Amino acid sequence: TSSLTKDMTCDRNLYRANSLRVLVQIIDSSMLGAIERYIKQAIVDSCPMVASSALVSAVHLLESSPDSAAIVRRWIGETQQAIKS
């Protein structure tokens, strides 16, 4: 997961989008708190590919477990901002 987290901070948008999609598939709710900041930043990113990957990842996390869903629900402000822009 450390290499995927490194890709999330990379300057290449394709790497950032793909790392978001993969990370969501392999993390659990206890690890979600560690990468929450990266996902929230990606939701409001100016690149549509990164932002849509983050939003889709959030939907998958919402459906994965009740603990993850509680964390994802805290991102409502960022999600609404991304939808408006």
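Author: Start with two definitions. The expected span of a helix is 1.5 Å times one less than its number of residues. Helices are DSSP runs (H or I, at least four residues), numbered from the N terminus. This is a predicted model, where local features need pLDDT of at least 70, side-chain atom pairs count only at pLDDT 80 or more, and totals for chains, interfaces and linings use all residues. Residues are numbered from 1 along each chain as its sequence is written, and side-chain values use heavy atoms, with hydrogens and water left out.

Now take helix α2. It has 14 residues and reaches 20 Å from its first C-alpha to its last, close to the 20 Å expected at 1.5 Å a residue. Its buried residues (under 20% relative accessible area, 1.4 Å probe, protein chains only) are Arg16, Ala17, Ser19, Leu20, Leu23 and Val24. Seen down the axis of α2, these fall within an arc of 165 degrees, so they line one face of the helix. The arc is that of the directions from the helix axis to the C-beta atoms. Their cover includes α1 (2–8), α3 (29–43) and α4 (48–64).

Look at Arg16 in α2. Arg16 counts as buried because its relative accessibility is 15%. Beyond residues up to four places away in sequence, Arg16 touches Asp7, Met8, Cys10, Asp45 and Val50. Contact means heavy atoms within 4.5 Å.

Leu14 also sits in α2, residues 13–26. Its relative accessibility is 47%, so Leu14 counts as partly exposed, a class between buried and exposed (over 50%).

Technical notes: Helix = DSSP H or I, 4+ residues; strand = E, 2+ residues; numbered from the N terminus.
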